[in-house]
Amino acid sequence: MSDLSRVQNPAARSWIDVATDSPFPIQNLPFGLIELGPSDWALAVPIGDFVLNVDAAISEGLLPEESPSGYGWEQAGIEACRELRAQIFDLLLQSNPALRDHAAARERCLLPLSQVQPVRPMHIPAFVDFYSSEHHASNVGKMFRPQGDPLLPNWKHLPVGYNGRASTVVVSGTPIVRSLGQTKAPDAESPVFGPCRRLDFELEMGFFLGYENEPGRPIPVAEAEDHMLGLVLVNDWSARDIQQWEYQPLGPFLSKSFATSISPWVVFLDALAPFRTDGPHQDPAVLPYLGSNQQATFDIHLEVWLQTAQMTRPQRITATNFREMYWTPNQQLAHQTINGTAVQVGDLYASGTISGPEPGQRGCLLELTWRGEQPLRMEETGEERTFLQDGDTLTLVGWAQGDGYRIGFGECSGTILPSPEFP
Ligand code: MN
C-alpha cells in the first residue's frame, strides 16, 4: 500500500476555499452517498461548501476507473477507500490544476453542499446500540434504582449492548413520527395505549464496519480498528414511557426501534488520528480480551441544539465530548464478536448516550431534566421542555478541533411529527 500520511498534513490547503470553522477541510474528506434521481446515487465527498461527485470525477478520468463508487462503495473494502481518499486529497490540493483549471469538469464534478440530497451512506444490515457512558448509566441508575448501586454488577466488566433495528436508521433531515404504544404509570392498575408522551433524544456516535470477520472467529481487540470504516453522529430517539413499561426482562424493543438518525458523512479514523486520546481509567481491570481504552478513543466535541416550532433560532442544550466514554469502539467490537457472531460490512455500532460528569454535559432529556422534574427553559420564547413536543427540531453537531481546521461530522437533525391517527 502506498504512503497515505500526506492526507494528515495540517498545513495542506485546497484550491476550494474552506472556512476555518467548516466541518469539511481537505484533512477530512468523509464519504457519503447522494441521490441524483430515482435509483441514481453517487459516492460523494464534501469539501468546504461543495461536494465532489466521485462517480463524475471517475467518468472525467480524474480518478482511477476501478475506484469505489456509487451505491455499494463500502463493499470495495477499507484499503481501497483509504487509497481513493488519498487520491481525492491530491486532486483537491491547491497545487493540482487537473480539476482546478477545467471549468467544464468542475461544473460536472462539484455541487453546492446545500443543494445535494444525502441518503443513508450505505446499506446497513444490522444496528447495535451500546450503553458505554459511566456518567449516563450512573444517572439512569440513580433515577430508577435509588436504593441500590447506580451501576449494575456487570457494567464495568463488559460493554452492555443490544441488537437494535437497522431498517429504521434514517439520515439527517428525515422527519421523526412520534411513536404510538403501551405505557403504564407506576401507580396505575393497567396499561393504556396512545402517543408517546416522553419522547427523548440520545446523543451518540457510531462506527460503520468495513471488513467482516471469518465465520465463528472473534475480532481481536488489537485488530478491531482495522475493521472500522469510520464514525458518524447518531441520535437514538427513545420513547421513555414505553421503554419503562416494556424493558424488563429483555431490554428495549419498540421504545427504540421506531427511528435512529445518523449524520450523512462517514468520517475516516485516519482523519481523526491526530485527535486520538485515552478513555477514562478502567478500574477494576478488564478481562484481557477487552484490551485497554488507552489511546483508543478520540477528542471529539459534541453539542445538541433544540428549536421549537415557535423559535426562530436553535438553543444549545448540552455540550460534551466523545472521550468521556468508558468503553471504546475497539472494546465494543471485540466484545461483540468474542462469541463468534457474524458481523457484516455496513453494520452500525452506536456508542450509547454520551454524558459528561457535569449537569450541562448530559446527553439526553431524561438526564438533563432529571426525569422531567427540572424543565429546560427556552430563552427566546420562555417555553419549557421536559420531553420533545411535535414541531421540535433536534440537531446534533460534533467536531475535532485542529490547529486552524476542524474535522467535523456535519449535522444530525430531525423534526418531530405528530403520531398517526389510530383507533
Ligand atoms: Mn441508545
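This is a predicted model: local features need pLDDT of at least 70, side-chain atom pairs count only at pLDDT 80 or more; totals for chains, interfaces and linings use all residues.

Residues are numbered from 1 along each chain as its sequence is written, and side-chain values use heavy atoms, with hydrogens and water left out.

**Terms for spaces**

- On a 1 Å grid over the protein atoms alone, a cavity is a set of points where a 1.4 Å probe fits but cannot get out, while a pocket is an open set with protein on both sides within 12 Å along at least five of seven lines; lining residues have an atom within 4 Å of a point.
- Grid points are joined across faces, edges and corners, and a volume is the space filled by probe spheres set on the points.
- In the residue classes, Ala, Val, Leu, Ile, Met, Phe, Trp, Tyr, Cys and Pro count as nonpolar, Asp, Glu, Lys and Arg as charged, and the others, Gly among them, as polar.
- Helices (H or I, at least four residues) and strands (E, at least two) are DSSP runs, numbered from the N terminus.
- Domain bounds come from an automatic or database domain assignment.

**Largest pocket**

- Two or more lining residues come from each of strand S6 (127-130), helix H5 (134-144), strand S7 (161-163) and helix H6 (240-246), and H5 provides the largest share, 6 residues.
- The lining of the largest pocket consists of 16 nonpolar, 10 polar and 8 charged residues.

**Second largest pocket**

- The second largest pocket holds about 400 Å³, and among its 22 lining residues the closest to its centre are Pro-23, Phe-24, Phe-409, Gly-410 and Glu-411.
- Strand S25 (393-401) and S26 each contribute at least two residues to this lining, with S26 giving the most, 6 residues.
- By class, the lining of the second largest pocket has 10 nonpolar, 8 polar and 4 charged residues.
- The second largest pocket lies between domain 1 (3-119) and domain 2 (127-417), because both give residues to its lining.

**Cavities**

- There are 2 cavities of 30 Å³ or more in the structure.
- The largest cavity has about 30 Å³ of space and is lined by Val-7, Gln-8, Gln-27, Asp-270, Ala-271, Pro-274, Tyr-405 and Ile-407.
- Both domain 1 (3-119) and domain 2 (127-417) supply residues to the lining of the largest cavity, so it lies between them.
- The second largest cavity, with a volume of about 30 Å³, is lined by Phe-144, Arg-198, Arg-240, Gln-244, Leu-366 and Arg-371.
- The lining of the second largest cavity has 2 nonpolar, 1 polar and 3 charged residues.

- Ser-419 lies in the segment after strand S26 (406-417) and counts as buried, at 16% relative accessibility, where buried means under 20% relative accessible area, exposed over 50% and partly exposed in between (1.4 Å probe, protein chains only).
- Not counting residues up to four places away in sequence, Ser-419 touches Val-177, Arg-178, Ser-179, Leu-180 and Pro-195; contact means heavy atoms within 4.5 Å.
- The side chain of Ser-419 reaches the backbone oxygen of Arg-178 at 3.1 Å.
- Thr-369 is placed in the loop between helix H10 (365-368) and strand S23 (376-377) and is buried, with a relative accessible area of 0%.

How values were computed: A polar contact is a pair of N or O atoms within 3.5 Å; within protein, one must be able to donate a hydrogen and the other to accept it, and residues adjacent in sequence count only if both atoms are side-chain atoms.
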